Amino acid sequence: MSAIDPRPPAQGSTWIALVLPATAWAVFEAGLAVALRLSCTTVGLWLGPLWGAASLMVCCWAMYLAWPSARVGSAGDSPAGAWLAWIALLVAPLFGLAIAFQTLATLIVPSCAR
């Protein structure tokens, strides 16, 4: 427990925080690919930016879940839990950057350009 975040780390929150950003990115990419095939105009207008913002929020939530375990120094009973928490804190912005670039691409590049 730390002075900044009084929440105690949950048992599985470190693993969830580690898996969530990659899953958010994969679902974002696959979902946009399917949406482009079905209706390319909706991706550029509202679906791409909205879905990108939601995926970025998932990455922020993953960082929120990993922070208590990284601050305390141990996540649950596992000695590697703190390292996993720090890796999750490093991975979430990386996938967030990939999501941000793809969201920006949906805004810049015309979605129906072939």
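User: Which residues line the largest pocket?
Analyst: This is a predicted model, where local features need pLDDT of at least 70, side-chain atom pairs count only at pLDDT 80 or more, and totals for chains, interfaces and linings use all residues. Residues are numbered from 1 along each chain as its sequence is written, and side-chain values use heavy atoms, leaving out hydrogens and water. The lining is Glu29, Leu32, Ala33, Leu36, Val43, Gln102, Ala105, Thr106, Val109, Pro110, Ser111 and Ala113.

User: What makes a space a pocket?
Analyst: On a 1 Å grid over the protein atoms alone, a pocket is an open set of points with protein on both sides within 12 Å along at least five of seven lines. Lining residues have an atom within 4 Å of a point. The largest pocket has a volume of about 180 Å³. That volume is the space filled by probe spheres set on the points, which are joined across faces, edges and corners.

User: Which helix gives the most to the lining of the largest pocket?
Analyst: α1 does, with 4 residues. Both α1 (13-38) and α3 (81-108) supply at least two. Helices are DSSP runs (H or I, at least four residues), numbered from the N terminus. The chain has 3 of them and 0 strands (E, at least two residues).

User: How many residues of the lining are nonpolar?
Analyst: 8 are nonpolar, with 3 polar and 1 charged.

User: What share of the chain is buried?
Analyst: Buried means under 20% relative accessible area, with a 1.4 Å probe and protein chains only. By that cut-off, 33% of the 114 residues are buried.

Definitions and conventions
1 Å grid on protein atoms, 1.4 Å probe; cavity = no way out; pocket = protein on both sides within 12 Å on 5 of 7 lines; lining within 4 Å. Nonpolar A, V, L, I, M, F, W, Y, C, P; charged D, E, K, R; others polar. Buried < 20%, exposed > 50% of the residue type's maximum accessible area, 1.4 Å probe, protein only.
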